[in-house]
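Here is a friendly walk through a two-chain model, from single residues out to the interface. Please keep the sequence and the 3D view open as you read.

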Amino acid sequence: MMGHELAEINLGQQSVHKETSKEVISIENLNVFRNGTQILKDVDLRINSGDYVGIVGPNGGGKTTLLMALLGNLARKSGTIKLFGTDIQKFTDWHRIAYVSQDAINFDNSFPVTVRELVSLGRLGRGRPGRRFKKEDWDKVEEVLEFMGLTGMARKRVGQLSGGQKQRVFIAKALVRSPELLLLDEPVAGVDAQNQEQFHKLLSVLNSQKGTTILLVSHDLAVVFCRMSKVVCVNRDVHSSELTPDLDPESFLRQGYGEHFHFVFHKHDCEADFSKQEVTINGGLK
Amino acid sequence: MSHELTIWDLPRLLGYQFFQFALIGGVIVALSCALVGLFLILRKEAMLGDGVAHTSFGGIAIGLYLGIYPLLTALIVSVVAVLAISYMKRKGVAHSDSSIAVFLALGFSTGLIVISLAGGFNIELFSYLFGDILTIDAFDLMTVSVLGMVVLGFIGIFHKELLSVTFDAESSRLMGIPVRGLETGFSLLVALTIVLSIKVVGIILVVALLVIPGLSALQLGRSFRSTAMFSIVFGTTSVLMGLLLNAIYNVAAAGVIIFTSTGLFLFVALYKRLE
Ligand SMILES: Nc1ncnc2c1ncn2[C@@H]1O[C@H](COP(=O)(O)OP(=O)(O)OP(=O)(O)O)[C@@H](O)[C@H]1O
Ligand SMILES: [Mg+2]
């Protein structure tokens with residue numbers, strides 16, 4: 001009798017565990033109000049482990065707000081959000097998630113902190129506050145600096161770098177957390193075409209080789225439709241779709257951008273843009 | 001203390017207990033001010049230091065009037081003031097600069113009222129207003145050491161977290177760093193640092209010792225680590241200079257400390273321009 005019960009319980013836990021490891025984000029019936037206006041309405045969204053998700057939508061549509069909800073940073077909301085299968089109210093594993101904000105690079109340029117110092121701060125928030133960094137922390141910092149092509153400027157003051165270089169520093173700061181879920185809010189604004197290209201290659205590598213689940217807010221619709229596995233369009237309402245070949249981008253986007261939206265896009269545009277896709281993890285983005 | 005002492009009497013001075021107390025106390029003050037001050041500058045909260053220092057004047061006066069150890073009453077008043085200021089800021093009652101102005105005035109008027117009740121200024125009050133490094137006794141030194149250990153220990157343990165919160169509080173919170181606890185802890189450090197500095201530089205000038213070494217360091221340091229080191233070097237040099245000139249030539253230590261740190265600041269600024 002006992003043995004039988006035990007087996008059943010184990011089986012139950014196993015299947016629960018399997019489900020939680022697959023579904024990284026699940027949002028049900030989320031509503032967000034700010035100063036009396038509704039910002040997000042009846043959001044239902046599911047993101048699976050390994051998804052590479054583009055979040056698009058017009059300015060003020062609520063993209064940043066959606067990310068804030070996922071980070072547990074909204075006081076007034078209704079609905080349920082689960083992260084890695086755990087209700088966000090009870091979620092404590094914040095070290096599994098990394099986030100780069102829309103205005104991360106807008107800081108006081110005279111702030112005395114080097115690239116290596118700032119990137120290492122990404123290791124905080126795991127373990128007890130005040131713990132000393134161990135060799136494993138510094139090894140991770142060096143590995144990510146190398147991966148992001150920042151080793152050569154590790155001793156420079158962050159404020160002295162260009163916009164694109166700063167961007168890479170903040171991505172690095174996120175990556176030293178070894179996140180399973182990476183949330184990026186428009187991180188390529190103000191970055192030149194070549195650096196954007198490198199940035200997107202890097203994300204593809206992270207997603208495909210390390211299995212990191214990525215949510216990227218982007219206004220570059222071509223990149224979203226070429227490279228990602230899923231698209232979420234946010235304009236108070238939230239629509240999402242897998243990026244399958246039979247999805248018509250224009251009609252999908254009209255749900256969020258309105259009836260008069262035009263988006264001329266052909267799948268073969270992708271080949272031209274991203275012909276040199278192969279990147280190795282340690283190839284370094286110089 | 002005779003006036004015919006010269007720098008060559010330094011080895012002999014080192015043998016005196018009052019000088020040893022002054023030296024140890026001075027170094028603890030310099031280290032605490034250099035580090036807390038650097039964070040204050042980076043957090044753009046230098047006014048908090050000034051406000052709390054002036055508020056603590058009320059505490060000193062109460063202590064002298066009631067015959068309680070004045071640094072204890074100053075500590076209580078300062079801690080209440082920083083907690084109230086951060087509470088008002090958090091609850092949106094007032095911006096922190098306006099609440100600082102309120103507490104500064106409140107603390108200072110308390111001091112004035114108490115002094116008038118007591119029938120005027122006395123010489124002891126002067127030593128708290130402007131410091132008197134050579135009168136640090138064993139009990140003062142113990143107070144300074146205990147407070148100093150709390151300040152330096154907290155920064156030693158949490159400097160990375162403090163740096164992260166100072167750089168970007170919002171993103172630190174999203175990373176799971178206990179931002180509110182750290183900010184409250186840091187406010188308390190400011191109160192402690194001011195109280196432990198009173199005997200050395202006095203209430204009026206403590207903000208200068210908090211801010212000037214950090215400002216000089218910011219011109220030279222590239223990393224946070226090196227900036228903190230420079231701040232410590234400048235702060236300690238200034239305090240030692242004040243102690244020496246005070247002991248040998250009987251010049252007010254607080255005045256020399258501020259002159260030295262300002263001199264170092266100008267020198268560094270000039271050096272940076274010429275470079
Ligand atoms: N702190 C706030 N208080 C009140 N309303 C806010 C606040 N932040 C954002 N909003 C409102 O919420 C709506 C959604 O803003 P949000 O920043 O999420 O848009 P977004 O899609 O990220 O826009 P963008 O593309 O410009 O970054 C906007 O109408 C904005 O005015
Ligand atoms: Mg936004």
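Let us start with Gln160(A), which sits in the loop between helix H4 (135-147) and H5 of chain A. Helices here are DSSP runs of H or I with at least four residues, strands are runs of E with at least two, and both are numbered from the N terminus. Gln160(A) has a relative accessible area of 53%, so it counts as exposed. For reference, exposed is over 50% relative accessible area, buried is under 20%, and partly exposed lies in between, with a 1.4 Å probe and protein chains only. Along the chain, Gln160(A) and Thr114(A) are 46 residues apart, and their C-alpha atoms are separated by 9.5 Å.

Before going further, a word on conventions. This is a predicted model, in which local features need pLDDT of at least 70 and side-chain atom pairs count only at pLDDT 80 or more, while totals for chains, interfaces and linings use all residues. Residues are numbered from 1 along each chain as its sequence is written, chains are lettered from A and ligands numbered from 1 in the order in which they are written, and side-chain values use heavy atoms, with hydrogens and water left out.

**Chain A as a whole**

Chain A contains nine helices and ten strands. Of its 286 residues, 50% are buried. Contact means heavy atoms within 4.5 Å; among the contacts in chain A between residues at least 6 apart in sequence, 66% join residues at least 24 apart.

Helix H2 (residues 63-70) of chain A is mostly covered, with seven of its eight residues buried. Among them are Leu66(A), Leu67(A), Met68(A) and Leu70(A). Just after H2(A) comes Gly72(A), which takes a positive phi of about 70°.

**Where the chains meet**

The contact draws 27 residues from chain A and 25 residues from chain B. Phe111(A), Pro112(A) and Leu124(A) supply 25% of the area that chain A buries against chain B, more than any other three residues. Buried area is the accessible area (1.4 Å probe) that two parts lose on being put together, summed over both.

| Interface item, chain A and chain B | Value |
|---|---|
| Area buried | about 2,300 Å² |
| Share from carbon and sulfur atoms | 65% of the area buried |
| Salt bridges | one |
| Residue pairs in polar contact | ten |

The side chains of Asp108(A) and Lys44(B) meet in a salt bridge at 3.5 Å, N to O. A salt bridge needs a side-chain nitrogen of Lys or Arg within 4 Å of a carboxyl oxygen of Asp or Glu. A polar contact is a pair of N or O atoms within 3.5 Å; within protein, one must be able to donate a hydrogen and the other to accept it, and residues adjacent in sequence count only if both atoms are side-chain atoms.

Which residues of chain A does Ser223(B) touch? Leaving aside neighbours within four places in sequence, Ser223(B) is in contact with Pro112(A), Thr114(A) and Glu117(A). Ser223(B) lies in the loop between helix H9 (179-220) and helix H10 (224-249) of chain B, and it is buried because its relative accessible area is 15%.

Finally, Tyr249(B) is in helix H10 of chain B. Its contacts, leaving aside neighbours within four places in sequence, are Leu5(B) and Leu244(B).
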